[in-house]
Structures are given as structure tokens and as C-alpha cells.
Amino acid sequence: MVGKLNIILINTMLAIFCALMLFWASFSYRPATQNITDKVGAALYYPEFPALELRYLVRTASNWVMERKSLQDRAAELERENLALRAAFQREMIKIPEGRPDMIDARVTLRYPEAWWKEIRVNKGTRHGVQGGAPALADGFLIGRVSRASDDYSWVELITSSSFLIAAIVDDTWDLGVINGDDKGNIWLLYTPADKDFTRGMTVSTALVGDYFPPGIPIGQVWGQGEARDGFVPLRVASGAHFTQLYTLQILRTGSGGAR
């Protein structure tokens, strides 16, 4: 028993001595001490490598999250400004209710393959301020509106659905029409006059739809034309949003209490 205690004491003293020597060597810049320090550093490289890599990954992830949050806040701010400017432009000709819409950030939680172009479920509901009929945006463009809302989640009918109907306007010509989907990812602006010269690239936005659905929400651009009939021509509209990469969106909320 005494022999074991002596061995432990000797090992402890040697460890302390080595630690003191390394401590002293760290303040010396002579070649001998530098070699010792380099060898110790090389020996500790592999045990320290996982911890160093983990610290780097954590720091990188933290910076990425902070930068992404900053970009999302800036994007939301730009969307609000864009919406306010378009609404002010139309307000010169159309009287709209007072009240500035606000954004509710939401995440897509369910999208059935058989209803891919019809509706999606999001993780925000009436508890978060979502109201039935409220417009939904992605990338600053209209993608649909809330069809039904529960406490903690809501269903959004997509603008590409054949049951989706909403008044819209060609910004360059001020011609009114009705936006309608075809359940296949296509969007059409119906009932536009066939005698007008609509060119590719003209922007399309919402008209005055209701008391709480504001005009001036961007939808997309004119991409082509269909077959004219009865004095009207359907315009193919290319959405500004990416429906195949639809993971997050924003739902508008007005100070008047929501859409009707």
C-alpha cells in the first residue's frame, strides 16, 4: 500500500515538474524550447481537433443564423414598403380603407402531392392573428389566401388552384381581369380585352378586392396569351414566387381585424 502511494506521489511530482517546464518554455523563444513546444502542440493536435472543429461549426452556424435572420427582417421590411407604395399609387384613383397590413411569418407544414397546386397547410392560426380570407405572400408576391384557419394552423388556397378567383390589374394598361389557376401550376388573367396590346413582361397586381384585401400586391408578369374569344383574351401570368420551393411565406394582417 505504501509502495503504491509512493508511485502515485512520484508520478504527480513528475507531472507537476513537466507542467512547470512547459510553462517556463512558453515564455522562452530559444530553439530548444520552441521544439519542445512544437512537439507538445503536435501531440495535442489530434485530441484537440474534434473540439476545435466543433467550435468552428458552432460559430459558423451561429453567424449563419444571425445573418439569415437579418436578411429575413430586411426582406420583410422591403415587402412592406413595396406594398405600401403600390397601394398609395392605386389610392390616387381608387378609394381603399385605411389601415396598413402587417406580416405574419409562417412555415409550410403539409402539402399533399395530389393537391400540390391547390392548397398548403401552415403553422400559424387564429392564435397568431391569422384570419380567413387573408392574402398570403412569398418572395413579395401573392401566392394565395387563407381558406380556413384553426387556432394553431391554417390552410392556404394557392393562386394556382382552379377554384381561386381574384380581381387583378395589368399595371401598364390599367385593364382589369380575374386571376385563375388551372390546378397544374399555371396562372391566367381572364376577361382582358382582346383589342389591347399586351406585351410580355407587363406586371400584374391585385385590384381592389374587398374591404381588407389591399390592392397593389404583386402577382407576376404577363408571359403570353391564350386564344381570344367573345372579345376577351386570357393572359398567361408568370408568378414571381417559387411554388416548387415554397417553404415559408407571410400572411397579411390588417389593423381592421383581418380579411372578410
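Visitor: Which residues have the most contacts inside the largest nonpolar core?
Guide: In general, nonpolar side chains of soluble globular proteins tend to be buried together. In this predicted model, the largest nonpolar core has 40 residues. Strand β1 gives the most to this core, with 4 residues. The residues with the most contacts inside the core are I179, L249 and I251.

Visitor: With which residues is I179 in contact, leaving aside its neighbours within four places in sequence?
Guide: The partners of I179 include I159, F164, L165, I166 and A168. Further along the chain, I179 is also in contact with I187, W188, L189, V204, I219 and V237.

Visitor: In what order do the 6 strands close into a barrel?
Guide: Strands of a sheet pair through backbone hydrogen bonds, either parallel or antiparallel. Here the pairing is antiparallel. The order is β1-β2-β5-β4-β3-β12.

Visitor: By how many degrees are neighbouring strands of this sheet turned against each other on average?
Guide: The angle is taken with direction ignored. On average it is 45 degrees.

Visitor: Which residue in β2 stands opposite V108?
Guide: Strand β1 covers residues 102–110 and strand β2 covers residues 119–122. The two run antiparallel and are joined by 2 bridges. Opposite V108 stands V122.

Visitor: Is W117 buried, partly exposed or exposed?
Guide: W117 is found in the loop between β1 and β2. Buried means under 20% relative accessible area and exposed means over 50%. W117 has 21% relative accessibility, so it counts as partly exposed.

Visitor: What distance separates the C-alpha atoms of W117 and S161?
Guide: S161 is one of the residues in contact with W117, as are D183 and F243. Along the chain, W117 and S161 are 44 residues apart. Their C-alpha atoms are separated by 5.9 Å.

Visitor: Which residue in the hairpin of β3 and β4 takes a positive phi?
Guide: Strands β3 and β4 run antiparallel and are joined by 4 bridges. A138 has F141 as its bridge partner in β4. The hairpin has 2 residues between the strands, and the one with a positive phi near 60 degrees is D139.

Visitor: Which residue in β12 stands opposite L137?
Guide: Strand β3 is covered on both faces, with P135 and L137 buried on one side and A136 and A138 on the other. β3 pairs with β12 in the antiparallel sense over 2 bridges. Opposite L137 stands Q250.

Visitor: What pLDDT does the chain average?
Guide: Where pLDDT is low, the predicted coordinates should not be read in detail. The value stays under 50 over residues 94–100 and over residues 255–260. At least 70 is scored by 58% of the residues, and the chain average is 77.

Terms used: Residues numbered from 1 in each chain as written. Predicted model: local features only at pLDDT ≥ 70, side-chain atom pairs only at ≥ 80, totals over all residues. Heavy atoms only, no water. Pairing = 2+ DSSP bridges. Axes fitted to C-alpha atoms, helices over the stretch in contact; angles between N-to-C directions. Core = buried A, V, L, I, M, F, W, Y, C linked by side-chain atoms within 4.5 Å. Buried < 20%, exposed > 50% of the residue type's maximum accessible area, 1.4 Å probe, protein only. Contact = heavy atoms within 4.5 Å. pLDDT = per-residue confidence, 0-100.
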